[in-house]
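Good morning, and thank you for coming. Please look at the sequence and the model on the screen while I take you through them.

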Amino acid sequence: MVRAIRGAIQVDADDRESIIAGTTELVNAIMKRNDLTTDDVISVLFTATPDLTAEFPALAARKLGFHDVPLICCTEIDVPGALPRVVRLMAHIETDRPRTEINHVYLRGAVALRQDIAQ
């Protein structure tokens, strides 16, 4: 079955190191909590709030071995009052798990975005 996993993390600053480190933490948590390998991943969509421009979040996934996985980065809508410095992702995966057993991961300040599903 194809499933989608959501996740987000608030990074410390708009610099290359913070974006790569935060995205790496998020991707690793999603992979571990859902017992996935890169072969299970169909594609990943990354978004970043408009205040994050120093690096593409997808670079972190490439550094983790997502060489054959289609990745794309987008800028989020600039909504007044939105949580700053957030990288989000939606990963499409192949799994036998039912939807209720998918672990969505929200880390650091991004937990406030989805307290209903944050792990």
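A8 stands opposite Y106 in β5. The strands β1 and β5 run parallel and are joined by three bridges; two strands count as paired if DSSP finds at least two bridges between them. Strands are DSSP runs of E with at least two residues, helices are runs of H or I with at least four, and both are numbered from the N terminus.

This is a predicted model, in which local features need pLDDT of at least 70 and side-chain atom pairs pLDDT 80 or more, while totals for chains, interfaces and linings use all residues. Residues are numbered from 1 along each chain as its sequence is written, and side-chain values use heavy atoms, without hydrogens and water.

The open sheet has five strands, ordered β3-β2-β4-β1-β5, with mixed pairing. Because β3 (71-75) and β5 stand at the edges with a single partner strand each, one side of each has no neighbour in the sheet.

Beyond four places in sequence, V44 is in contact (heavy atoms within 4.5 Å) with residues including F66, L71 and L89.

Finally, E76 lies in the loop between β3 and β4. Is E76 buried or exposed? E76 counts as buried because its relative accessibility is 18%, and buried means under 20% relative accessible area, exposed over 50%, partly exposed in between (1.4 Å probe, protein chains only). Leaving aside neighbours within four places in sequence, the contacts of E76 include T47 and R88.
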